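Me: I have a model open and would like to learn how to read its features. Please take me through them one at a time.

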Amino acid sequence: MELTQLRYFMEVAKQKNVTKSARILNVVQPAVTQAIGRLEAELGTELFKRGGRSRELTASGRLLYGELLPIMEKLDSLPEKIRAVNRQEGITVRMSILAAWTLVTNAIMEYQRIDHTLTIELSEMEIERPGLADISITTRHSARIAAKNSRDDVRVFREQIFLAVPNIPRYRGRTSISLKDVKDSRFITLSGIKHFRSICDQFCALAGMSPHFVFESDSPASVMNMIAAGMGVGFWPAFSWIRIDPRRILLLEIEKPVCSRDIIISCGEAGQNDTRVRLFYQFLCNYFDVYSRKNQSH
């Protein structure tokens with residue numbers, strides 16, 4: 001008996017419907033039917049009664065389901081138990097990343113050259129849940145709030161936001177621009193699930209404009225390529241995304257309104273009590289500090 005066959009059997013026994021089970025398992029229906037057929041052939045008995053829309057268990061099926069239920073529950077709980085052991089041993093860092101993915105992943109790769117035994121578990125959660133992550137990276141519209149670092153477990157990095165435009169005669173020779181100057185332009189942006197998009201919408205609202213978005217993507221590289229191709233303009237963070245090619249794209253400082261955001265890196269309570277998490281947190285903050293200072297010096 002294969003584990004996949006048993007999982008498929010358990011799901012169909014629970015749902016009493018092959019189609020629904022296949023959808024939950026994220027596989028095609030024939031794969032479920034064939035797996036159960038092989039399992040029945042191996043056991044030499046039918047596990048489901050034939051006929052009717054509902055897949056009811058036979059006596060043999062009920063016996064198998066009852067025997068497997070506690071086993072499968074233990075198997076399903078194993079990954080979290082293993083992760084818990086790893087966390088207790090201090091070799092796993094759980095990170096919630098809602099901003100600056102490119103810079104964070106680059107920092108992780110750099111750090112793993114120092115400590116290749118550290119396991120880093122990444123997730124992207126739209127709703128922040130305190131205590132769930134050892135380290136969290138999020139962002140907010142900076143508005144008029146001063147960027148302060150009054151606590152060791154929270155660092156705030158202010159990042160200027162530019163307008164990225166194609167390198168064409170209309171924009172050459174310019175170093176700055178007002179959002180009102182591009183109110184009729186087409187905009188390329190990250191998709192709406194990103195916090196960055198929400199911040200940019202606030203910039204537009206302050207400028208009294210409603211941008212016309214013609215393309216949305218989860219990838220900064222795709223946004224860059226579309227802007228370079230002359231498909232539109234877009235907001236571009238000063239240091240946390242991939243570098244642009246000045247031969248293809250120009251970055252113009254936005255005059256009105258002033259556009260910037262805060263990137264907040266915080267270390268959760270569990271992480272503060274783990275030496276290796278604290279070391280990585282400090283490395284990450286220093287990494288951001290270097291990049292933000294480089295941007296300010298240009």
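**Reading the model**

Reply: Start in the loop between helix 1 and helix 2, where lysine 16 lies. Helices (H or I, at least four residues) and strands (E, at least two) are DSSP runs, numbered from the N terminus. This is a predicted model, in which local features need pLDDT of at least 70 and side-chain atom pairs count only at pLDDT 80 or more, while totals for chains, interfaces and linings use all residues. Residues are numbered from 1 along each chain as its sequence is written, and side-chain values use heavy atoms, with hydrogens and water left out.

Me: What is the phi of lysine 16?

Reply: The general idea is that most residues other than glycine have a negative phi. Lysine 16 has a positive phi, near 60°, and is not a glycine. Alanine 100 also has a positive phi, about 55°, although it is not a glycine. Alanine 100 sits in the loop between strand 1 and helix 5 (101–114).

Me: Is alanine 100 buried or exposed?

Reply: Relative accessible area decides that: buried means under 20%, exposed over 50%, and partly exposed in between (1.4 Å probe, protein chains only). Alanine 100, at 5% relative accessibility, therefore counts as buried. Lysine 16 counts as partly exposed because its relative accessibility is 39%.

Me: How many helices and strands are in the protein, and what percentage of its residues count as buried?

Reply: The protein has nine helices and ten strands. It has 298 residues, of which 44% count as buried.

Me: What do contacts say about the way the chain is joined up?

Reply: Contact means heavy atoms within 4.5 Å. Taking contacts between residues at least 6 apart in sequence, 74% join residues at least 24 apart. Serine 219 can be looked at by C-alpha distance: its C-alpha atom is 6.8 Å from that of leucine 190, and the two residues are 29 apart along the chain. Serine 219 is in the loop between strand 7 (212–217) and helix 7 (220–228), and at 27% relative accessibility it counts as partly exposed.

Me: How do I read the packing of helix 1 and helix 2?

Reply: Two packed helices are described by the angle between their axes and the distance between the axes. Axes here are lines fitted to C-alpha atoms, for helices over the stretch in contact, and angles run from 0 to 180 degrees between N-to-C directions. Under 35 degrees counts as roughly parallel, over 145 as roughly antiparallel, 65 to 115 as roughly perpendicular, and the rest as oblique. The axes of helix 1 and helix 2 (residues 18–25) come within 9 Å and cross at roughly 125°, so the two helices are oblique to each other. Tyr8, Glu11, Val12 and Gln15 in helix 1 meet Val18, Lys20, Ser21, Ile24 and Leu25 in helix 2.

Me: At what angle do helix 2 and helix 3 cross?

Reply: Their axes cross at roughly 110° and come within 8 Å, with helix 3 covering residues 29–43. Helix 2 and helix 3 are therefore roughly perpendicular to each other. Val18, Thr19, Ala22 and Leu25 of helix 2 make the contact with Gln29, Val32 and Thr33 of helix 3.

Me: How many salt bridges does a search of the whole structure find?

Reply: A salt bridge is a side-chain nitrogen of Lys or Arg within 4 Å of a carboxyl oxygen of Asp or Glu. The search finds eleven. One of them joins arginine 7 and aspartate 76, with the closest N and O atoms 2.8 Å apart. This pair links distant parts of the chain, 69 residues apart: arginine 7 is in helix 1 (residues 3–15) and aspartate 76 in helix 4 (residues 59–88). Arginine 7 is partly exposed, at 31% relative accessible area, and aspartate 76 is partly exposed at 48%.

Me: Which residue meets glutamate 159 in a salt bridge?

Reply: Arginine 261 does, at 2.9 Å from N to O. Glutamate 159 is in strand 4 (residues 154–166) and arginine 261 in strand 10 (residues 260–267), 102 residues apart. Glutamate 159 is buried with a relative accessible area of 0%, and arginine 261 is buried with 2%.
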